[in-house]
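Welcome, and please take a moment with the two chains before reading on. The report below walks through them part by part.

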Amino acid sequence: MSLILDGVGKRFITKHRVVHTLENVTLEINQGEFLCLLGPSGCGKSTLLNIAAGLEKPTTGKVYFKEKEITEAGPDRAVMFQEAALFPWLNVIDNVEFAMRMSGMPKKERKEKALQVLKMVHLTEFQDSFIHELSGGMRQRVALARALTMNADLLLMDEPFAALDSQSKNILQMELQQIWWDTKKTIIFVTHDVKEAVLLADRVIVMAANPGRIKKEIKVQLARPRCLESLDTVYVEAQIMRELKNEVEKVAKAEYDSDWDLEKDTILLGPDHYLGIGL
Amino acid sequence: MVYELGVKYLKVWQPNGFPSPINIAKTLEILLVDHTLGIAVLTSIMRLAIGYGISLVFGFLFALIMLRFKALQENLSPLLLGLQTLPNVCWVPLAVLWFGLRESTIIFVVVIGSTFAITLAVESGVKNVKSIYLRAAQTMGAKGLKTYQDVALPAALPEIINGMKQGWAFAWRGLISGEMLMQVKGLGEILIVGKEKADINQIMAIMVVIIVLGLMVNKLVFERVEANIRYRWGLD
C-alpha cells in the first residue's frame, strides 16, 4: 500500500457560507498503480491531490504515505501542475536539476541524471533553452523530467495536459504511458477528460460534487499499450460517461437558470429546424 | 549650435547665465589638469560605493526580516514609505550633530537615503512572486532560506533591480547634498565653490560630470543586468 487517504474532508469557510469541498474520502492506492481522479469541475479532485501532496491540510481525516502521516510537502512525492511551474530565470537543464540541487547532490551527478531524464522526454537538444522559448507541450515535458529526477515513488499530476492543444496532448499521453511502464512509479492523475482517464488508468475514481466525494470506482482492465482509437477503450469510456453524466448535469444546473435541462437542449424539436438539410 | 543660435542671434540667453559648451570644456580641462576633478571624482565614488554597498546589505536584511515577521511588515511599511518621502538633505543636519564633520556623516546620509528604496522593492517583489513557484519549490524540498535564495529572490529580481536603481539615484542625491553642505572634498564641494566664485562654468561642468557618471553606471551595470533578465524571461 503506497498512499492511504482515511476519511479525508476539507471545508472552506468563506464570507457567506461554508463550502464542503471534500467529505469523508477514503481511498487506498497500491504501489505502482496508475490511478485517475475523474470528475466535473468543482468536485474537489485538485484539492484532494493537493492534500496528498501536503500543500493543503485536510480539515478532517488523515493521509498516510508509506505508513507515515503526511504533514507537509516534501520531495518524496513529486507534483506536476496544470501550468508547468518552471522557473523562467533558469534554463531547461537548471530547471530539471533544481530538485536535486535542493537535496544537495553534487554537480556532476546532477548533470548526468538531468541529461538522462531529458533523454526520456526527448528534449536533450533544448537543454540550454530558456522556458519562454519552449511550446506548452515542451514545457510540460520539462516539468515531467523535473518530477522524474526526484526519485519519488509517487507522482501526483494535476491536469497536466489540460491546457495543451489536442495533438500535443495525445503525444504526451502516449509518452506518459510509456514512462510509467518504464519507471514503475505510482501515479495519481487528476483529469476531467474521460478519454484520458481510460487511456491511462488502472483504476478510475469517479467523483461527485457538492460535497466532493467518491461516487464510483471503475477498474480499467484493458491491455497496454492502449490507444485512443481502439474499440475497447471507447466501450469503457461510454460506461464511465454514463456515471458521470448525472454529475455533470448536477454541477451545470447550479450554474444555469432553474428551467435548464440537459436532455431538452440536446435535441432540436419542431419542423423549422430542417435536421439533416446540410447532408 | 543650438547654444550659438540662442546666445548670439536670438539673444534669448545671457552668456553669463548660460555658459558656452566650449567654456565648460575649458573649465573641465583646467579642473582635470590640476587634479581637483580626478581626486573629487575618486573620493565621491569611494563614498558612494561604500554607502551603496552598506545600503544593499541593510536593504536586503531589513526586507528579509520584515518578510519573516508579518507584524513588523504591517507596522513598518507605512513608516518606511514616510521616510522615503523625506528628502536626503533633511538628514544632513542631524547627521552632522551625530557624527560631526566626518566621512561617516556623508556615508550615513547616503545609506539612509537609499536603504529604504531597496527594502521596499525587495519586500514587495517577494510578496508578488507567483505562488505556484513557491508551491512547486516546496514539493521539491526547498525549505527556509533556500526558498528565498533559489526561488523568491530570483523570481522577484525584475522588481528588485528597479528598487536598486532607485536606491542608486537616492544615494547620489545624498552624496552630493552631504558634500555640498559639509564642504569636504568631493564633487559637491567643487560645485559649491563654483557658486561662491560665481563661476557658472564650474557649476555646469560638475553637473555634466555627475550626469555622465550616473549614465555610465546605468549603462555598464543596471542595463546589462536588466537586459539579461529580459532575455531569460522572454520579455523582449
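## A word on contacts and confidence

Two residues are in contact here if their C-beta atoms, placed from the backbone, lie within 7 Å. By that rule, and leaving aside residues up to four places away in sequence, A:L3 touches A:I29, A:A52, A:F65 and A:L154.

Please keep in mind that this is a predicted model. Chain A has a mean pLDDT of 87, and 93% of its residues reach 70 or more. Among the elements of chain A, strand β8 (residues 186–191) has the highest mean pLDDT, at 94, while helix α8 (residues 262–266) has the lowest, at 59.

Is A:L3 buried or exposed? A:L3 has 23 other C-beta atoms within 10 Å, and a residue with 20 or more counts as buried, so A:L3 is buried. One of the residues that A:L3 touches is A:A52; A:L3 and A:A52 are 49 residues apart in sequence, yet their C-alpha atoms are 8.2 Å apart in space.

Among the buried residues of α1(A) are A:K45, A:S46, A:T47 and A:N50, along with A:L48, A:L49 and A:I51. Just after α1(A) comes A:G54, with a positive phi of about 90 degrees.

## Two domains in chain A

The domain assignment of chain A gives domain 1 as 3–76 + 154–253 and domain 2 as 85–151. Taken over C-alpha atoms, the centres of domain 1 and domain 2 of chain A are separated by 25 Å.

How many residues of domain 1 of chain A are in contact with domain 2 of chain A? Twelve residues of domain 1 are in contact with eleven residues of domain 2. On the domain 1 side, helix α5 (residues 166–183) of chain A gives the most, with six residues. The residues of that side divide into nine nonpolar, two polar and one charged.

## Backbone details in chain A

Most residues other than glycine have a negative phi, and most peptide bonds are trans. Against that background, A:E67, which is not a glycine, has a positive phi of about 70 degrees. A:E67 lies in the loop between β4 (60–65) and β5 (68–69) of chain A. It counts as exposed because it has 7 C-beta neighbours inside 10 Å, where the cut-off for exposed is 12 or fewer.

A:K184 is another residue other than glycine with a positive phi, near 55 degrees. The loop between α5 and β8 of chain A holds A:K184, and with 9 C-beta neighbours inside 10 Å, A:K184 counts as exposed.

Where is A:P225 found? A:P225 belongs to the loop between β10 (213–219) and α7 (231–255) of chain A. The peptide bond that joins A:R224 and A:P225 is cis, with omega about -5 degrees.

## Chain B, built from helices

Turning to chain B, we find ten helices and zero strands. The C-alpha trace of chain B spans about 70 × 45 × 30 Å along its principal axes. Of the 236 residues in chain B, 35% are buried. Among contacts in chain B with a separation of 6 or more, 72% come from residues 24 or more positions apart.

Helix α3 (residues 36–68) and helix α6 (residues 103–127) of chain B pack at an angle of about 40 degrees, and their axes are 7 Å apart. The crossing of α3(B) and α6(B) is right-handed. The residues of this contact divide into 18 nonpolar, six polar and two charged.

## Where the chains meet

Finally, how many residues of chain A are in contact with chain B? There are 22 of them, in contact with 16 residues of chain B. On the chain A side, the elements that give two or more residues are β6 (77–80) and α2 (92–102). The residues of this side of chain A divide into 16 nonpolar, three polar and three charged.

Methods. Residues numbered from 1 in each chain as written. Chains lettered and ligands numbered in written order. Predicted model: local features only at pLDDT ≥ 70, side-chain atom pairs only at ≥ 80, totals over all residues. Helix = DSSP H or I, 4+ residues; strand = E, 2+ residues; numbered from the N terminus. Nonpolar A, V, L, I, M, F, W, Y, C, P; charged D, E, K, R; others polar. Axes fitted to C-alpha atoms, helices over the stretch in contact; angles between N-to-C directions. Left-handed = near helix turned anticlockwise from the far one by under 90°. pLDDT = per-residue confidence, 0-100. Domains from an automatic or database assignment.
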